[in-house]
Amino acid sequence: MNHNEIDALVDSFIVNKARGKVEPRVQKVVVRLLRDLFKAIEDFDLQPTEVWKGLEYIADCGRAHEVGLLAAGLGLERFMDIRSDEAEAKVGLRGGTPRTIEGPLYVTGAPVCTGNVRLDDGAEDDRADVLFMQGVVRGEKGEPIPGATVEVWHANTLGNYSFFDKTQSAFNLRRTIVADGEGHYSFRTIMPAGYGCPPEGPTQQLLNKLGRHGRRPAHIHFFISASGYRKLTTQINIAGDEYLWDDFAFASREGLVPKVNRITAPEQISARHLSKPFSAIDFDFTLYQQREAVADSEVDRLRAIG
């Protein structure tokens, strides 16, 4: 079949058969996706076994709870971020903290905290590098945003996330921090490790066929929000990681690799009530004010409930 014939066939399946109330946008999207799929099947002469294996692969991703991982690994999540960046630039929004992907490992319900916050439960004190991170949440003109919400989550020293890793305590390395009256936030945690896709999972199986690895550099995720401002989804990456600029999820960006300061001075170690050197990161977040001319930055998607 040629492409015009395929277009007519899809219309006969989807548009011409409609008898009930139609949601126009859903119909338009389904028609477009089916046309593109049918054309790919025709152009590549895909055989029925290949098509069914593709459908089975999608089902496998669902059963393995790896749909979000696959979306990151194929660049879909990064592509949506690129489009959001372009939309903001068109209305003059530039210079804020870069956004980057949420990933599949956020969990709702993390404890809400103020003041000096510790994210880790101490289970890895014998092997973990202590990390202190602090900064200020600001608006476009540099003004501090009092009471801004800083949601943070990251992996442990084995690259595993609490909730999904049942050996960890509930909400380990996850908190919702309320910034103080000057927009300042701070927390103590441990230096995270990067992680890889489950080696036998469907995402890595496809990456293998594409000649790609499934590794991510060490990173810390954030949601930053405040009333009247656009929500920011971002993460900072740890400088020096082997996969810093080779992230399988395409999430590394300039402006999101802060300097990691190694603190070895005895007086500073003592002041933190520690017995060994530690690391420190200073990082400010800049939010844009809400704009009617650009779509809401809040993403409605299914997330794990803690």
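How many bridges join S10 to S11, and do they run parallel or antiparallel? I looked this up to start: six bridges join the two strands, and they run antiparallel.

A note to myself on the source: this is a predicted model, where local features need pLDDT of at least 70, side-chain atom pairs count only at pLDDT 80 or more, and totals for chains, interfaces and linings use all residues. Residues are numbered from 1 along each chain as its sequence is written, and side-chain values use heavy atoms, with hydrogens and water left out.

My terms: strands (E, at least two residues) and helices (H or I, at least four) are DSSP runs numbered from the N terminus, and two strands pair if DSSP finds at least two bridges between them.

I found His219 bridged to Asn237 in S11. S10 and S11 make a hairpin with six residues between them, and I noted Gly228 in the turn, with a positive phi of about 85 degrees. S5 (residues 149-154) is also joined to S10 by six bridges, antiparallel; there I saw Thr149 opposite Ser225.

**Thr233.** I then turned to Thr233, which lies in S11 (residues 232-237). Thr233 is buried, at a relative accessible area of 15%. Leaving aside neighbours within four places in sequence, its contacts (heavy atoms within 4.5 Å) are Arg99, Thr100, Ile101, Glu102, Phe222 and Phe223.

Notes:
Buried means under 20% relative accessible area, exposed over 50%, partly exposed in between (1.4 Å probe, protein chains only).
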